[in-house]
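Dear colleague,

Please find the structure below, followed by a summary of what was found in it. I would be grateful if you could read the two side by side.

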Amino acid sequence: AGLPWSRWVSLDATCEDVMSIYCAGGATGDVLTAHFLRCSVQVNDSTCFLVLSDEPAPYRVENRSPSRTLAFSCQGSEKYQILPPLSWCDFAWPDNVRHERRLVVQDVETHRSEIYDADAVGLGQPLHLSTDQAVTGQSAQLSEAGYHEVVLLQDASEMNIFVGRVAAELGGRDVPPGVLQVISRRHSDGEEAIQSLRQMRQEMIME
């Protein structure tokens with residue numbers, strides 16, 4: 001596994017930036033712990049110095065439940081962090097997050113999850129802890145609510161099934177399989193600024 005590494009720090013010019021370093025842990029190495037450093041490049045008497053110092057995290061995620069263990073990750077990422085009851089952890093967005101910043105929060109016991117927009121102020125959708133049979137790409141309703149539940153699965157194969165059902169609903173529209181795969185990937189990877197069933201149908205109609 002080796003040591004965790006940050007992104008490159010350029011010494012070509014004076015600058016200051018906050019770097020995040022994630023240390024992998026857990027049985028499979030997919031549980032992350034974040035550490036933050038302020039990196040300052042300074043020049044004194046023709047000597048270039050790289051000054052490193054501890055830095056508070058830009059974000060803090062709290063689990064205020066007295067009884068539920070939660071896991072959270074950036075939408076589209078396979079790495080996650082665990083929050084036991086009444087605990088918190090430091091957090092920063094990965095450098096490759098380009099569009100809307102969304103967190104997927106999952107209850108560890110029931111595997112129920114919900115997506116939250118970190119830029120939205122106020123309460124989000126409640127995280128339902130029902131242990132009812134999980135929705136699949138085949139059983140989800142062809143509605144915005146059903147679409148949302150399939151997105152929460154973060155499973156490309158289930159999204160493929162759902163996309164096929166949506167295409168069939170549009171009167172068996174002759175959309176090439178390759179195009180359907182592109183649409184499926186676009187709606188399951190969490191990188192689209194607008195994700196909705198309506199958007200998916202419009203993409204199919206335009207093909």
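Helix H1 is followed by Gln154, whose phi is positive, near 50°. Please note that this is a predicted model.

H1 comprises residues 144-153 and helix H2 residues 156-169. The two pack with their axes 8 Å apart, at an angle of about 155°. Because angles over 145 degrees count as roughly antiparallel, H1 and H2 are therefore described as roughly antiparallel to each other. The crossing in which H1 passes H2 is left-handed.

On the H1 side, the contact is formed by Gly146, Tyr147, Val150, Val151 and Leu153, which meet Glu158, Met159 and Phe162 in H2.

As to burial, Gly146, Tyr147, Val150, Val151 and Leu152 are the buried residues of H1. They pack against strand S9 (113-117), H2, H3 and H4. In H2, the buried residues are Glu158, Met159, Phe162, Val163, Val166 and Ala167. Their cover includes H1, together with helix H3 (177-188) and helix H4 (197-206).

The length of H2 was also checked. At 1.5 Å a residue, its 14 residues should span 20 Å, and this agrees with the end C-alpha atoms, which are 20 Å apart. After H2 comes Gly171, with a positive phi near 80°.

With kind regards

Definitions and conventions:
Residues are numbered from 1 along each chain as its sequence is written. This is a predicted model: local features need pLDDT of at least 70, side-chain atom pairs count only at pLDDT 80 or more; totals for chains, interfaces and linings use all residues. Side-chain values use heavy atoms; hydrogens and water are left out. Axes are lines fitted to C-alpha atoms, for helices over the stretch in contact, and angles run from 0 to 180 degrees between N-to-C directions. Helices (H or I, at least four residues) and strands (E, at least two) are DSSP runs, numbered from the N terminus. Angles under 35 degrees count as roughly parallel, over 145 as roughly antiparallel, 65 to 115 as roughly perpendicular and the rest as oblique. A crossing is left-handed if the near helix is turned anticlockwise from the far one by less than a right angle, and right-handed if clockwise. Contact means heavy atoms within 4.5 Å. The expected span of a helix is 1.5 Å times one less than its number of residues. Buried means under 20% relative accessible area, exposed over 50%, partly exposed in between (1.4 Å probe, protein chains only).
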